[in-house]
Amino acid sequence: MSKKKNLSDYDDAGLPAADKMKIAIVYADWNEEVTSALVGGAKNTLLKHGLKEKNLIIHSVPGSYELPMGAQYLLINNFDLDAVICIGCVIQGETRHFDFISDAVANGVMNVALKYEKPVVFGVLTTNDYAQAKERSGGKHGNKGDEAAFTAIKMAALRKKLWK
Ligand code: DLZ
């Protein structure tokens with residue numbers, strides 16, 4: 001997958017079915033046009049691989065900074081969740097907000113994953129401008145939501161396989 005540029009091109013041969021999984025998506029309202037397209041991509045990919053709609057939970061948070069907390073709320077309140085996909089879009093602006101938010105969300109997502117020992121996927125675009133975000137949310141570079149969904153299924157299946 002990593003050798004390819006298009007975020008929607010992944011090798012699904014051998015990807016386990018998601019029909020027995022329960023997966024949550026938490027997405028940021030900031031840059032809503034982009035994040036809703038990312039959610040759409042993730043949802044399509046999850047359902048395409050067998051996830052039942054009743055086993056898909058979707059909630060929103062105000063901005064990407066709140067994604068780790070949203071993921072943690074979901075994991076606390078749903079013991080049977082197999083994975084959480086965090087979706088956001090942080091666009092470089094004129095202030096240092098971009099760096100603080102990007103670093104905080106990346107570290108926060110990893111911390112929640114390690115704390116709960118479950119896949120918490122970083123489906124967050126961090127781009128220089130809006131055009132780059134559009135290109136990666138269903139444009140010429142594919143949809144990062146697809147990539148995030150693929151990652152969630154693959155990691156959830158690995159955890160199920162290895163867990164004793
Ligand atoms: C404040 C802010 C800014 C400037 N830019 C973005 C952005 O590009 N993408 C995003 O998801 N959120 C942004 N936010 C909001 C923060 O993530 C957060 O919601 C607020 O700082 C409140 O904690």
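Strand E3 gives the most to the shell around the ligand, with 3 residues. Strands like this one (E, at least two residues) and helices (H or I, at least four) are DSSP runs, numbered from the N terminus. The model is predicted: local features need pLDDT of at least 70, side-chain atom pairs count only at pLDDT 80 or more, and totals for chains, interfaces and linings use all residues. Residues are numbered from 1 along each chain as its sequence is written, and side-chain values use heavy atoms, with hydrogens and water left out.

The shell around the ligand consists of Trp30, Asn31, Gly63, Ser64, Tyr65, Glu66, Cys89, Val90, Ile91, His97 and Ile101. At least two of the shell residues come from strand E3 (83–91), and at least two from helix H3 (97–116). By class, the shell has 6 nonpolar, 4 polar and 1 charged residues. In this scheme Ala, Val, Leu, Ile, Met, Phe, Trp, Tyr, Cys and Pro are nonpolar, Asp, Glu, Lys and Arg are charged, and the others, Gly among them, are polar.

| Residue | Part of residue | Ligand atom | Distance |
|---|---|---|---|
| Serine 64 | side chain | oxygen | 2.7 Å |
| Tyrosine 65 | backbone | oxygen | 3.1 Å |
| Cysteine 89 | backbone | nitrogen | 2.8 Å |

Of the 480 Å² of accessible area that the ligand has on its own, the protein covers 72%. Such areas come from the Shrake-Rupley method with a 1.4 Å probe.

The ligand sits in the largest pocket, meaning that more than half of its atoms lie within 2 Å of the pocket's grid points. A pocket is an open set of points on a 1 Å grid over the protein atoms alone, with protein on both sides within 12 Å along at least five of seven lines; its lining residues have an atom within 4 Å of a point. The lining of the largest pocket has 14 residues, and Trp30, Val90, Ile91, His97 and Ile101 lie nearest its centre. E3 and H3 each supply at least two residues of this lining.

Asparagine 31, one of the shell residues, is found in the loop between strand E1 (23–28) and helix H1 (32–48). Phi of asparagine 31 is near 55°, a positive value.

Terms used:
A residue is near a molecule or strand if one of its heavy atoms lies within 4 Å of it. A polar contact is a pair of N or O atoms within 3.5 Å; within protein, one must be able to donate a hydrogen and the other to accept it, and residues adjacent in sequence count only if both atoms are side-chain atoms. On a 1 Å grid over the protein atoms alone, a cavity is a set of points where a 1.4 Å probe fits but cannot get out, and a pocket is an open set with protein on both sides within 12 Å along at least five of seven lines; lining residues have an atom within 4 Å of a point.
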